[in-house]
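Here are a few friendly notes to read alongside the model. Please have your viewer open as you go through them.

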Amino acid sequence: FDCIDRSRATSNHCGHKPLQLHQESNHTNTLAIMASVHTYDKSSHRHVLPLRPTIKDYAWGIRGLDSRVARFALESGVIDEVDPDSPYAELWLGTHPSGPTTLRDGTTLESVVGGQLPFLFKVLSAGKALSIQAHPCKEGAKRLHLENPINYVDDNHKPELAVALTPFEAMCGFRRLEEIAILIKKHPEFAACISNEAKLAIFLCSRDENDKKKALRMLFKSFMSCPAETSQVQLKKLLKRLQKEQSVDHVHPHEEPPWERKCSRAILRLAQQFPGDSGAMAPFLLNYLLIAPGESFYMAANEPHAYVAGEIIECMACSDNVVRAGLTPKFKDVDNLVNMLTYSMGGPTINAGTPAYGDDRIMRYTPPTGEFEVMIITCNPGEDITLPPLSVPAIFVVLEGSGNTDNEEGQRLVMRPGRSYYIPEHCPQLTLAVNDSKRGPLKIALAHENQHVDEPTLACAEHSKQWGGEFALPSESTSNPGTPRSPDKYVMKSVKELNLKPGALRDFNVPKL
């Protein structure tokens, strides 16, 4: 049952046997059972309803109870036990036909909502890298679904937002051409997988953005079209050299830039997970990012990415379309991937959320698309917090901690990690509370249709001005240090903008370390 703990008796519609109740507490338990039945009246549009998500066991998932997906599935009653040898990769909350969510009695969420929700809410537990992939735009999705409905199961686009629950590694967006040029020169094995024409296009490219995109497209197409026998031979040579360089005999760490060292180590790790797959060289092409818990990023349609390791919550348009090109045994569609990408350079905005509704305990993560946004709501011990009023349907999942709830309907819901609930539109506001004896906060993730589309907190690489790439060469117009954090706070300004007199910096000495 999903009401308060003392009412974990069951009702007939759930199909469980009722627990034995002590005679001396018959009156109290009867009230608890009545509260439970009242809590779950699915015919009312004023009640919050408990959900049963769908679980995906993709091979890249974290195994056993180390997976948050496995623990959440166990708590929500989807599985009876956790197999320590099985991967638990994704938990789906939504109405997509590939993984429909139901109520406790088996009623589909779609039938309760009266149609499709515009978003799909997920929890991901990645033990190893996902495929190199991108998601099509609406026009592309319609074409792919029409041409190949087996591998592209719907005709919708799939922009997505991710919020890290643990330190999370991901490859997102293409590197700057300057970085790629350096890596081509430094790694002859990588260069051998690219045609001379493509390499010349990179080295001789002008500063014009369109020319840069054309050169990058030529490079990516050449690399992805490299014959398997060539790329596998070069990959073996590369791994042998990198293993030696990263061993005890390698150069002093300070003699190699951190971003290059991180790139090399990522390649060794990917090659171990996917032996013989030239996609292991993807860090030469894509930005390799480490996202801290609470930070988020947004991947627009037609942008390349591959999640590497860690756990996130993810929200996206209601679609399951994925165009893959490497690091996977699944169907690869290299031609479509090459043709669909935008070839924007630089990674996505990384953002830790924006306080919402005048309360810094409610952090808003808003992408520049209308289908979805996410709120992370935290209630500390000894506090209570009321969820914002919602004019659209919403889903929330408990991420950590425990507490109790109340609203006008007197609903008492179990707040434990893994429990998930559906909130109908215009439902009475739910108040969360945590006893002051608890040692940690209650934290939930709430997803619904975007109510702040004109105030996005996140942007894709093409529109982002906050991440100049790991190499971060300054341009002529600005001296952006290339940090992906706050947009304006750390942008360097010119002498004129700072109102400094000519020569004011002449006598400044850099302190010695």
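Which exposed residues does the face of H7 turned away from its buried side carry?

1. They are Asn196 and Glu197. Exposed means over 50% relative accessible area, buried under 20%, and partly exposed in between, with a 1.4 Å probe and protein chains only.

2. A word on the source: this is a predicted model, in which local features need pLDDT of at least 70 and side-chain atom pairs count only at pLDDT 80 or more, while totals for chains, interfaces and linings use all residues. Residues are numbered from 1 along each chain as its sequence is written, and side-chain values use heavy atoms, leaving out hydrogens and water.

3. Back to helix H7, residues 196-203: its buried residues include Ala198, Lys199, Ala201 and Ile202. These sit on the same side of H7 because they cover an arc of only 155° around the axis, taken from the directions from the helix axis to the C-beta atoms. Among the elements covering them are helices H5 (177-186), H6 (188-191) and H8 (209-224).

4. Overall, the chain has 11 helices and 23 strands, which are DSSP runs numbered from the N terminus (helices H or I, at least four residues; strands E, at least two). Of its 513 residues, 54% count as buried.

5. Please take care with confidence. Mean pLDDT (the predictor's confidence in each residue, from 0 to 100) is 84 for the chain, and 80% of residues reach 70 or more. It stays under 50 over residues 1-38 and also over residues 470-513. Where pLDDT is low, the predicted coordinates should not be read in detail.

Terms used:
Contact = heavy atoms within 4.5 Å.
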